[in-house]
Amino acid sequence: ISKLIVLQIINNLTVIKLQGFLIAFQYKFRIKGEFKLNYNSIFKKANDENKGAYLGWEKSVEEYFHEIREGYKNAADNLVDVALIEGSKGMINILDTYIFPIMFLYRHSIEISLKIIYLKLKEKNINGHDLYKIWKNEIKNDVEDFLLNINCEIQKDEIDMIEKYLIDLDKWDFNGENWKYASDKKGNISMLKWKIIDYENLKKSMNELYKSLEGIYVAIYSN
């Protein structure tokens with residue numbers, strides 16, 4: 001284990017202890033009645049339209065899929081930017097903890113990207129969370145046939161790239177659970193190997209995959 005990794009562990013444990021102390025401190029004063037919590041509805045209607053999310057205008061699953069995949073991907077991109085900025089300031093705990101929501105967001109955006117292609121091709125939804133399995137067994141052949149029929153031959157190297165990225169994602173999380181819990185249903189830790197993930201490369205790779213799947217969807221939608 002390198003000295004840098006040891007320092008990261010120490011830093012993260014220190015931050016966790018401080019957070020625990022602050023929570024305990026606040027709870028202690030809450031019991032004494034020093035301050036009170038006021039309930040506010042989680043989904044309160046926004047008085048200012050520039051400060052609220054407007055839901056319900058979407059009239060189809062396909063429209064919702066558009067919103068979901070774009071929202072998840074953009075949110076992941078923004079969190080990567082924040083992590084890099086905070087990491088440059090020495091906030092190692094941000095680098096180590098943001099990876100979980102970032103990867104969950106990226107992975108789900110890709111899952112929805114695959115499912116919206118399937119929906120457009122088959123006019124029905126598909127279940128399951130294994131990205132490569134969905135692509136290989138349910139989408140790939142139909143996509144290649146469709147694009148050939150409209151004289152829009154997708155490059156083999158792009159197909160290969162899509163498959164490699166999907167395999168990469170499935171190696172770390174084949175069912176969409178690992179980045180949420182880091183353990184399986186039996187409580188076994190699923191991430192035991194040491195690895196430092198490059199945030200800049202992660203964002204670049206995920207955007208390449210997202211754009212390739214978006215290009216396939218647009219080609220199908222336009223025809």
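Start by selecting H3 (residues 92-122) and H7 (residues 199-221) together. The two helices are roughly parallel, because they pack at about 15° (angles run from 0 to 180 degrees between N-to-C directions, and under 35 degrees counts as roughly parallel). Their axes, lines fitted to C-alpha atoms over the stretch in contact, are 10 Å apart. The crossing is left-handed, that is, the near helix is turned anticlockwise from the far one by less than a right angle. Colour the contact residues by class and you get 22 nonpolar, three polar and two charged. Here Ala, Val, Leu, Ile, Met, Phe, Trp, Tyr, Cys and Pro count as nonpolar, Asp, Glu, Lys and Arg as charged, and the others, Gly among them, as polar.

A word on what you are looking at: this is a predicted model, where local features need pLDDT of at least 70 and side-chain atom pairs count only at pLDDT 80 or more, while totals for chains, interfaces and linings use all residues. Residues are numbered from 1 along each chain as its sequence is written, and side-chain values use heavy atoms, with hydrogens and water left out. Helices are DSSP runs (H or I, at least four residues), numbered from the N terminus.

Stay on H7 and hide the rest.

Next, bring up H2 (residues 61-88). H2 and H7 pack at about 165°, with axes 10 Å apart, and are therefore roughly antiparallel (over 145 degrees). This crossing is left-handed too. Show side chains where they meet (heavy atoms within 4.5 Å): Glu62, Arg69 and Lys73 are among those in H2, and Glu200, Lys203 and Tyr210 among those in H7. By class, this contact has seven nonpolar, two polar and nine charged residues.

Last stop: H3 with H5 (residues 156-172). Their axes come within 12 Å and cross at roughly 130°, which makes H3 oblique to H5. Select Met103, Arg107, Ile110 and Leu114 in H3, which meet Leu166, Leu169 and Asp170 in H5. That contact divides into five nonpolar, no polar and two charged residues.

Note on methods
The expected span of a helix is 1.5 Å times one less than its number of residues. Angles under 35 degrees count as roughly parallel, over 145 as roughly antiparallel, 65 to 115 as roughly perpendicular and the rest as oblique.
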